[in-house]
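Good morning, colleagues. May I ask you to turn to the structure on the screen.

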Amino acid sequence: MWLPADVQCCPLLRCVLQIQQLEYLAGRVAQAAAEGLAEEEVLGDIPDEFQDPIQYTLMRDPVLMPTSGTIVDRPTILRHLLTDPTDPFNRKQLTADMLQPATELKAKIDDWLKEQRRSKMQMG
């Protein structure tokens, strides 16, 4: 971590600065969590075809795994591939470069999101 020269020489100042940085980060995490909960309220029930089959969350970047034909959210499968280079549905070899964007599904999800937000704004 980069610190100004006068802070680098004083352990107490360095500790205080690190605490402030952690508090700032904690605030950002809490804000992101609150925004996520607010969005869930706006969205209501998510259609099954838009949910990631591993995490059961709304897919934002759906990709096709050619090894099983299953569509999942890119961040979910990339996290999985960090520890296990296989398709979680059939255990066949899978790499990140094999993933194919599911552009039609992405367009449907984006349209659905716009409609949900529009209808929620009209309601209140």
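This is a predicted model: local features need pLDDT of at least 70, side-chain atom pairs count only at pLDDT 80 or more; totals for chains, interfaces and linings use all residues.

The largest nonpolar core comprises 9 residues: Leu43, Phe50, Leu58, Met59, Ala102, Leu105, Ile109, Trp112 and Leu113. The most is contributed by helix α4, residues 103-123, which supplies 4 residues to this core. As general background, nonpolar side chains in soluble globular proteins tend to be buried together.

If we set aside neighbours within four places in sequence, Leu58 makes contact with Leu43, Ile46, Phe50, Asp73, Ile109, Trp112 and Leu113.

Next, helix α3, which spans residues 74-83. Which of its residues are buried? They are Thr76, Ile77, His80 and Leu81. These residues lie on the same side of α3, because they cover an arc of only 130 degrees around the axis. The buried residues of α3 pack against β1 (62-65) and β2 (70-73). On the face turned away from the buried side, α3 carries the exposed residues Leu82 and Thr83.

Finally, the surface. Leu22, Leu25 and Val29 make a nonpolar patch of about 300 Å². Val29 belongs to helix α2, residues 11-43. Why does Val29 count as exposed? Its relative accessibility is 52%, and the term exposed applies because that value falls in the range over 50%.

Thank you for your attention.

How values were computed: Residues are numbered from 1 along each chain as its sequence is written. Side-chain values use heavy atoms; hydrogens and water are left out. A nonpolar core is a set of buried Ala, Val, Leu, Ile, Met, Phe, Trp, Tyr and Cys residues joined through side-chain atoms within 4.5 Å. Buried means under 20% relative accessible area, exposed over 50%, partly exposed in between (1.4 Å probe, protein chains only). Helices (H or I, at least four residues) and strands (E, at least two) are DSSP runs, numbered from the N terminus. Contact means heavy atoms within 4.5 Å. Patches are made of residues with over 30% relative accessible area and no salt bridge: like charges are joined within 9 Å, nonpolar side chains (Val, Leu, Ile, Met, Phe, Trp, Tyr) within 5 Å. Accessible areas come from the Shrake-Rupley method with a 1.4 Å probe; for residues, only the protein chains shown count as cover. A salt bridge is a side-chain nitrogen of Lys or Arg within 4 Å of a carboxyl oxygen of Asp or Glu. The arc is that of the directions from the helix axis to the C-beta atoms.
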